[in-house]
Amino acid sequence: MTRTVYVNGEYLPEGEAKVSIFDRGFLFADGVYEVTSVLGGKLIDFDGHAKRLQRSLNELEMANPIEMDDLLEVHRELVRRNEIDEGMIYLQITRGSDGDRDFAYPEAAEPTIVLFTQSKVLSESPMVERGMKVISIDDERWGRRDIKTVQLLYPSMGKMMAKAAGCDDAWMVQDGAVTEGTSNNAYIVKGNKIVTRHLGNEILHGITRAAVLRFAREAQMEVEERPFTIDEAKDADEAFITSASTFVMPVVEIDGDVVGSGVPGKVTLRLREIYLDESRKVAV
Ligand code: PDD
């Protein structure tokens with residue numbers, strides 16, 4: 001089946017979708033994005049993603065080419081047309097192009113909007129049973145990581161460093177403390193307490209993070225939002241990550257050292273179960 005994608009108001013077979021070579025997303029990484037997961041053909045946390053998208057656009061003074069109600073409809077239509085039961089919807093909005101290259105924002109540019117689906121089993125993964133291995137690397141990204149821009153080269157490099165080390169991902173470290181994973185938020189568990197970095201410009205304000213912390217508090221777990229070090233993480237009982245594409249995923253090894261007993265932890269797996277159950281209930 002040929003994938004149907006959405007480009008600037010049109011649904012097209014992926015091979016016919018086109019964007020200008022002058023598009024500022026291509027030339028300057030002048031664009032923002034969202035990834036929304038699909039479970040049972042329904043969207044998880046759509047509202048959260050739509051709100052964060054608007055925030056990213058506002059922070060960059062970029063026009064939003066689509067009403068939020070219409071955006072929901074486009075997501076749903078792509079799920080229908082591509083018969084997605086489980087997977088992700090990728091959305092990207094860039095500042096567009098005025099047909100040339102100039103560092104200053106163009107005055108007469110229409111934003112570009114692109115959405116496409118990725119079909120993938122998300123609710124089950126061998127990683128849930130075996131846990132992830134991560135390495136630590138310096139965080140060399142720009143200073144506004146709270147804006148979900150398409151400048152993803154350093155996270156890609158981080159993934160490649162992890163792969164070269166025989167690991168699944170990299171946790172980035174700034175001034176001695178973990179910021180986040182290459183495409184996920186990072187957590188440790190000590191006793192009944194969950195520790196994750198506080199919100200700020202240093203990390204992306206994960207939509208999954210917000211939901212998981214809410215569920216954790218509702219389940220009477222203690223949550224501490226503060227920086228933690230790699231040494232503290234190695235000494236923790238459990239570690240995990242969250243994102244729209246992995247939900248809650250255990251981490252069992254950091255820089256070759258085993259975390260806790262070296263297998264996915266109870267708190268982590270419980271949070272994954274709660275997150276999946278509760279999110280499915282309110283999926284749209
Ligand atoms: N990444 N931190 C970073 C740097 C991310 O790129 C992501 C998401 C997250 C988790 O955010 P959320 O829970 O809203 O998905 C944290 C997406 C999944 C991606 O780039 O594919």
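1. The ligand is surrounded by 19 residues, each with a heavy atom within 4 Å of the ligand. Tyr-33, Arg-52, Glu-180, Thr-208 and Ala-244 are the closest.

2. This is a predicted model, in which local features need pLDDT of at least 70, side-chain atom pairs count only at pLDDT 80 or more, and totals for chains, interfaces and linings use all residues. Residues are numbered from 1 along each chain as its sequence is written, and side-chain values use heavy atoms, with hydrogens and water left out.

3. The shell around the ligand holds 5 nonpolar, 10 polar and 4 charged residues; Asp, Glu, Lys and Arg count as charged, Ala, Val, Leu, Ile, Met, Phe, Trp, Tyr, Cys and Pro as nonpolar, and the others, Gly among them, as polar.

4. A side-chain N or O atom of Thr-208 is 2.6 Å from a ligand oxygen. For Arg-52, a polar side-chain atom lies 2.8 Å from a ligand oxygen. At Ile-207, a polar backbone atom is 2.8 Å from a ligand oxygen.

5. Domain 1 (4-119) and domain 2 (126-282) each give the shell at least three residues; the bounds come from an automatic or database domain assignment.

Conventions. Polar contact = N/O pair within 3.5 Å; in protein donor to acceptor, adjacent residues only side chain to side chain.
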